[in-house]
Amino acid sequence: MSTALQFNAYDAFEDAGDGAQQMHADKVHVRVQQRSGRKCITTVAGLADDLDIKRICKAFKKNFSCNGAVQKDEESGEVIQLSGDQRTNVKSFLVDQEICHADTIVLHGF
């Protein structure tokens, strides 16, 4: 007796198209990129448009004693670049200053 099992034809990737863009938009992504040797750059993307990005970058530079710049990006809007691995510092600063919640910050990197 041969019985064929019918599984639900649910495709998780099909529904992820619309939801992924919306979830991607309200997350703050903190990445670290290897430059050369021991040097690396931390990038912060996905901050809200109504925030003063230059002022936040200035506060990062002062509190973390590092260099930084604000870069324009087509996909992510304005991106903050900081010298060194500042991922944990950035996350704690954004949460302490109540700029965004801890669950909306995504840390990427090694």
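Ile 41 has Ser 83 as its bridge partner in β4. The model is predicted: local features require pLDDT of at least 70, side-chain atom pairs count only at pLDDT 80 or more, and totals for chains, interfaces and linings use all residues. Residues are numbered from 1 along each chain as its sequence is written, and side-chain values use heavy atoms, with hydrogens and water left out. Helices (H or I, at least four residues) and strands (E, at least two) are DSSP runs, numbered from the N terminus.

**Sheet**

- Five strands make up an open sheet of mixed pairing, in the order β3-β4-β2-β1-β5; two strands pair if DSSP finds at least two bridges between them.
- The edges are formed by β3 (68–73) and β5 (105–107), each of which pairs on one side only.
- On average, neighbouring strands of this sheet are turned by 25 degrees against each other, direction ignored; axes are lines fitted to C-alpha atoms, for helices over the stretch in contact, and angles run from 0 to 180 degrees between N-to-C directions.

**Pairing of β4**

- Strand β4 (residues 77–83) runs antiparallel to β2, and four bridges join the two.
- Within this pairing, Val 44 has Ile 80 of β4 as its bridge partner.
- Six bridges link β3 and β4, also in the antiparallel sense.
- The bridge partner of Gly 68 in β4 is Leu 82.
- Three residues lie between β3 and β4, which form a hairpin.

**Helices on the sheet**

- Strand β4 is paired with β2 through four bridges, and helix α2 (residues 53–64) packs on the sheet, touching β2, β3 and β4; contact means heavy atoms within 4.5 Å.
- The direction of α2 makes about 10 degrees with that of β4.
- Helix α3 (residues 87–96) also packs on the sheet, where it touches β1 (28–34), β2, β4 and β5.
- The direction of α3 makes about 170 degrees with that of β5.

**Nonpolar core**

- The largest nonpolar core holds 17 residues; such a core is a set of buried Ala, Val, Leu, Ile, Met, Phe, Trp, Tyr and Cys residues joined through side-chain atoms within 4.5 Å.
- Val 28, Val 44, Leu 47, Phe 60, Ile 80, Val 90 and Leu 94 have the most contacts inside this core.
- Two or more residues are given to this core by each of β1, α2, β4 and α3.
- Helix α2 supplies the largest share, five residues.
- Leaving aside residues up to four places away in sequence, the contacts of Ile 80 include Thr 43, Val 44, Leu 47, Ile 56, Phe 60 and Ala 69.

**Thr 43**

- Thr 43 belongs to strand β2 (residues 40–45).
- Thr 43 counts as buried because its relative accessibility is 7%; buried means under 20% relative accessible area, exposed over 50%, and partly exposed in between (1.4 Å probe, protein chains only).
- Beyond residues up to four places away in sequence, Thr 43 touches His 29, Val 30, Arg 31, Gln 33, Val 79, Ile 80 and Gln 81.

**Salt bridges**

- The structure contains two salt bridges, each defined as a side-chain nitrogen of Lys or Arg within 4 Å of a carboxyl oxygen of Asp or Glu.
- One of them joins the side chains of Glu 78 and Lys 72 at 2.7 Å, N to O.
- Glu 78 is partly exposed because its relative accessible area is 28%, whereas Lys 72, at 68%, is exposed.
- Asp 85 forms a salt bridge with Arg 87, with the closest N and O atoms 2.9 Å apart.
- Asp 85 counts as partly exposed at 37% relative accessibility, while Arg 87 counts as buried at 16%.
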